[in-house]
Amino acid sequence: MLKSYIKIALRNLRNKIAFSFINITGLAVGMAGAILIFTWVQNEYSYDTFHANEKTLYKVWNRWVTPGYIGTGDVTCSPVGKALKDEYPEIKNSARVYWSTDRLFNYGDKFIKAKGNDVDKPFLTMFTFPLLEGNAAHALDDVNNIVITKKLATKLFGDAHPINKLVKINNKDLYKVSGVLKDLPNNTQFDFEYLVPFRQNVFSDNSWNTNSYYTYVQLQPNANINKVNVEIKNIAIRHDPKSNGEVFLYPFSKMHLYSRFDNGKAVGGRIEIVHLLLAIAGIILLIACINFMNLSTAQSQKRAKEVGVRKVVGASRISLINQFLSESVIIAFIAGIISLLIVTLCFPSFNQLTEKNLSIDYASPIFWLAFMGFILFTGLLAGSYPAFLLSGFRPVKVLKGSNLFAGGTNWFNPRKVLVVLQFSVAIVLVVSTIVIYRQIKFAQNRDAGYNITNLIEVPIEGNILKNYGSIKNDLLNSGAATAMCETGYTVTTNGATNSGYKWEGMQKEQESLTFTRFGTGGDFVKTMGLKLIEGRDIDFNAYPSDSTACLLNATAVAQMGIKNPVGKLINGSIKIVGVFKDFIIQSPYANVDPMIVFGSKDWAYNMVVRLNSKNDIAKNLQIAGQILKKYNPAYPFTFQFIDREYQQKFNDQQQTGTLAFIFAGLTIFISCLGLFGLASYMAENRSKEIGIRKVLGASVAGIAQMLTKEFVALVVIAIVIATPIAWWAMSKWLQDFTYRIHIGWLTFVIAGLVAVIIAVLTVCTQSVRAAMANPVKSIKME
């Protein structure tokens, strides 16, 4: 029986090549789009699931209350991890992780920069990063030990055995390689090439009010997380009454997908993008299946006699349903094989777009099992409606040649409903794409608060700090730079936060106010191009006592409630010398947090340089490189353009917008394939009518209009249905942004026009062709 089904299916494919091509192409493209998305989604859900202790790993978060808002942050103070482990038996282990740091490695004649983290010793036993060589429990025992990845080991030592080899870091400290890690997978939140233990003389910050570390804890297997969170809530306040923040633990397994908090509560995060793309994958597959249904039912009149004859000779409805479903599964199988070829060709571009390294393991039996299930599901979904429709024909009516779809031109014809559904979905995706791009543009046009052009950031490493004065003088005198300053952290991310400040007139509810903290050696306002609202910049040359001075941003002044802030004191000794207009350091879609900038010559991790805009950038960089090489010869000249770093803040939304655009295009393409097939079938079925109309004097334009208007009407109905759905969906999406656009009527007009124009162009090609056909041939055809 199965052999018979396959024979009939292949015969039908061969006899109707055009319709078979449209069916298979639509299904293949739809399946390929769905497979790409499913691969991406699987990768997202697999983040950090490989850790053996996954279910007991938690990240320490802070919660603080400000007037009218509850804030949260995952950057913690240094002592909280050790205190949690020492004071609560439910906590088995803890480990701090410091920011990723680029360090210069030297072995023999090789000088290589690599990115890594300072961590506490238990890190390697808490997290499962397999060591190819070495012991995870003891690899970080000594402060001069270092664990490196296989990739970095190969860069440094080639094929030589790396264990116990000494490498010089930052041209001064010798470290002994105590372990070699397997290279990190692409589904982890961590990104490092080496790990070193904390050096107490460098990281000895025991303040409960300064947040500069990520802290992770591992609970005992039987610990109750809700009970633990209640118990540890006020640990910071108990150790330091000046600290008004609360502490809570958040599952490490949720960090990748559920890390967005609003008013103190977890409200989502990257999971929203995952859900969006899953919905798009389902939509693309559904539309491809709708195409199959439409084209199969459109040809049902031609297969009606086959059904009638089979029923007369004794075929049951179940056997006919099985036959038609078998045909659709065979078509889905062919489309599935083609879809894998499409996916393989698209992976390089898709990986570049998503910034991942995705692939399909074709050697995995699990993949092939899932793939065959996917084909079976697609075939059954696509073939279900045609199978039940065709198998339901009555043999007497069929063999008499009666019209099986009398009244089929009414507006509730199933094929028309499916076309409306297809274009409704396509229009929703088009509107979504337009709104996402408008929102990104809106945020990009928001005033950053400083001049981001011609601004570079150079890490302070090696001899730069020691020779900073000479480097600054040479850069300014050379004309390559017009201003420069030292900063405590990069100016494009929130490096550290502080609370516990006191000032005259402070209210009780302001005690927990948390500030973004910066340090500068002077000329911060001048170099950044900030707008000074009142007061002056920090300047150690003119004011040697500026080590006890600070600057505030406008938001800090407003939330502190200080009038005439210049000259006022914070914590009794830190003098406010200036107030600057807010500048964006975190998300350009959110409010700016209070910021305090201290005067400090020692607290310097980066050097910000304002390049001379009158010179060519390449020339400025060449001069800067020569000067840095002169004073810091052991290190390569490393820099980052601030404007490019700032643009990174839009990456997630741009990625979402691009994916929405691509898959909206796929949806429209598949819909148009189906529309093209239906238009071809309609023109074929009405060929005699068209011939008679031409003989009676109808023009080509008139006939083309007659054939096109029905499809245009369906698209207009789709616009009416899609508009409120798209408005609701995108309004809800925009609620996540403090700074957001208003969805105007023009967005829906553009999306509607796009849909109508594409539909008209698709149908017109067949309509005009049918209208220009020789009427003699169509009238004399039987």
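Hi everyone, let me start with one definition: two residues are in contact when they have heavy atoms within 4.5 Å of each other. Keep that in mind for Tyr194, which, leaving aside neighbours within four places in sequence, is in contact with Thr101, Arg103, Phe105, Ala114, Lys115, Gly116, Asn117, Ile146, Val147, Ile148 and Leu152.

Before going on, a word on the model. It is a predicted one, where local features need pLDDT of at least 70 and side-chain atom pairs count only at pLDDT 80 or more, while totals for chains, interfaces and linings use all residues. Residues are numbered from 1 along each chain as its sequence is written, and side-chain values use heavy atoms, with hydrogens and water left out.

Now the overall picture. The protein has 23 helices and 26 strands; these are DSSP runs, numbered from the N terminus, with helices (H or I) of at least four residues and strands (E) of at least two. Of its 782 residues, 53% are buried. Buried means under 20% relative accessible area, exposed means over 50%, and partly exposed is in between, using a 1.4 Å probe and protein chains only. Among contacts with a separation of 6 or more, 79% join residues 24 or more positions apart. The protein exposes about 35,800 Å², and carbon and sulfur atoms supply 58% of that; the areas come from the Shrake-Rupley method with a 1.4 Å probe, and for residues only the protein chains shown count as cover.

Back to Tyr194. Where does Tyr194 sit? Its place is in strand S11, residues 194-197. Tyr194 counts as buried because its relative accessibility is 0%. Thr101 is 93 residues from Tyr194 in sequence, yet the two are 9.8 Å apart in space, C-alpha to C-alpha.

Next, please find Gly179 in strand S10, residues 173-181. Is Gly179 buried or exposed? Gly179 is buried, because its relative accessible area is 0%. Not counting residues up to four places away in sequence, Gly179 touches Leu131, Glu133, Gly134, Ile146, Val147, Ile148 and Ile163. For Ile148, 31 residues away along the chain, the C-alpha separation from Gly179 is 6.5 Å.

On to charges. How many salt bridges does a search of the whole structure find? The search finds 18; a salt bridge here is a side-chain nitrogen of Lys or Arg within 4 Å of a carboxyl oxygen of Asp or Glu. Let me show you a few.

Lys82 pairs with Asp86, with their closest N and O atoms 2.8 Å apart. These two lie in helix H3 (residues 80-87), four residues apart, or about one turn of the helix, and both are exposed.

Arg96 and Asp120 also form a salt bridge, at 3.0 Å from N to O. Arg96 lies in strand S4 (residues 91-97) and Asp120 in the loop between strand S6 (110-119) and helix H4 (123-126), so this pair ties together parts that are 24 residues apart in sequence. Both Arg96 and Asp120 are buried.

Then there is Lys113 with Glu461, at 2.8 Å from N to O. This pair links distant parts of the chain, 348 residues apart: Lys113 is in strand S6, and Glu461 is in the loop between strand S16 (455-459) and helix H14 (468-478). Lys113 counts as partly exposed because its relative accessibility is 24%, whereas Glu461 is buried at 9%. Also look for Glu44, Arg270 and Lys356, which are linked in a network of salt bridges.

What about the surface? Trp745, Leu746, Val749, Ile750, Leu753, Val754, Ile757 and Leu761 make a nonpolar patch of about 780 Å². Patches are built from residues with over 30% relative accessible area and no salt bridge, joining like charges within 9 Å and nonpolar side chains (Val, Leu, Ile, Met, Phe, Trp, Tyr) within 5 Å. Trp745 is found in helix H22, residues 745-771, and Trp745 counts as exposed because its relative accessibility is 65%.

Finally, two residues with a backbone angle to check. Asp48, which is not a glycine, has a positive phi near 55 degrees. Asp48 is in the loop between helix H2 (17-45) and S1, and is buried, with a relative accessible area of 1%. Asn164, also not a glycine, has a positive phi of about 70 degrees, and its place is in the loop between helix H5 (150-157) and strand S9 (166-169).
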